[in-house]
Amino acid sequence: MSNQQSEQCVRTFIDAFYAGDAARMEQCCDDAFTSLVYAPVEVFPHLGLKQGKAWVAKAIQIQQERYSSRRHIIDFVVANETHGAAFVQATLTKRSDQRIIRLNIGEFFTLRSGRIAEHRVGGLVAAPQFGFVDHVVMQQRGGVDELHHRREFTMVVTPAPGSTR
């Protein structure tokens with residue numbers, strides 16, 4: 001599989017998720033698909049470590065039950081034959097109270113035989129004041145593409161209005 005095909009597989013996976021198209025999303029997944037999402041359980045209790053292609057349809061079902069609207073923008077995707085990474089801006093509208101949740105998401109993929117075997121979400125940042133910053137660099141050494149990832153936690157502390165601190 002070429003880098004371009006890997007990139008297209010990652011893009012299709014993300015687009016299908018937000019479109020609610022489980023069948024198209026499952027076509028991108030290896031039979032031994034695993035998803036691991038690092039997210040606050042208070043906000044996303046249905047996420048965490050999930051295994052198997054059956055989880056794809058269940059994830060979409062849960063998202064559609066919880067959110068009346070799910071939009072996304074793929075900022076960029078980088079991929080080679082075995083790994084991929086994407087930064088996605090997502091906007092979710094909660095069905096229960098119409099609250100809007102905006103997220104900047106770092107998604108990381110391991111590909112096997114042209115399909116996604118592992119999907120990891122490591123940068124759900126809902127507020128600009130704190131979160132994980134993921135640095136992804138694609139390098140080519142000796143004709144081989146290498147994907148490097150580094151994560152940093154950042155936090156800006158701002159005093160409450162009227163505070164003397």
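Predicted model: local features only at pLDDT ≥ 70, side-chain atom pairs only at ≥ 80, totals over all residues.

Modeller: Residues are numbered from 1 along each chain as its sequence is written, and side-chain values use heavy atoms, with hydrogens and water left out.

Colleague: Why is Thr 91 called buried?

Modeller: Buried means under 20% relative accessible area, exposed over 50%, and partly exposed in between (1.4 Å probe, protein chains only). Thr 91 has 14% relative accessibility, so Thr 91 counts as buried.

Colleague: What makes Ile 74 buried?

Modeller: The relative accessible area of Ile 74 is 16%, so Ile 74 is buried too.

Colleague: Which residues does Ile 74 contact, leaving aside neighbours within four places in sequence?

Modeller: Contact means heavy atoms within 4.5 Å. Ile 74 has Arg 11, Ile 14, Asp 15, Phe 87 and Val 88 as such partners. Arg 11 is 63 residues away in sequence, yet its C-alpha lies 7.9 Å from that of Ile 74.

Colleague: How do you know that S4 and S5 pair?

Modeller: Strands are DSSP runs (E, at least two residues; helices are H or I, at least four), numbered from the N terminus. Two strands pair if DSSP finds at least two bridges between them. S4 and S5 (residues 100–112) have 11, in the antiparallel sense. One of the bridges joins Ala 86 to Glu 107 in S5.

Colleague: What is the sense of the pairing between S5 and S6?

Modeller: S5 and S6 (residues 115–121) are antiparallel, over 6 bridges.
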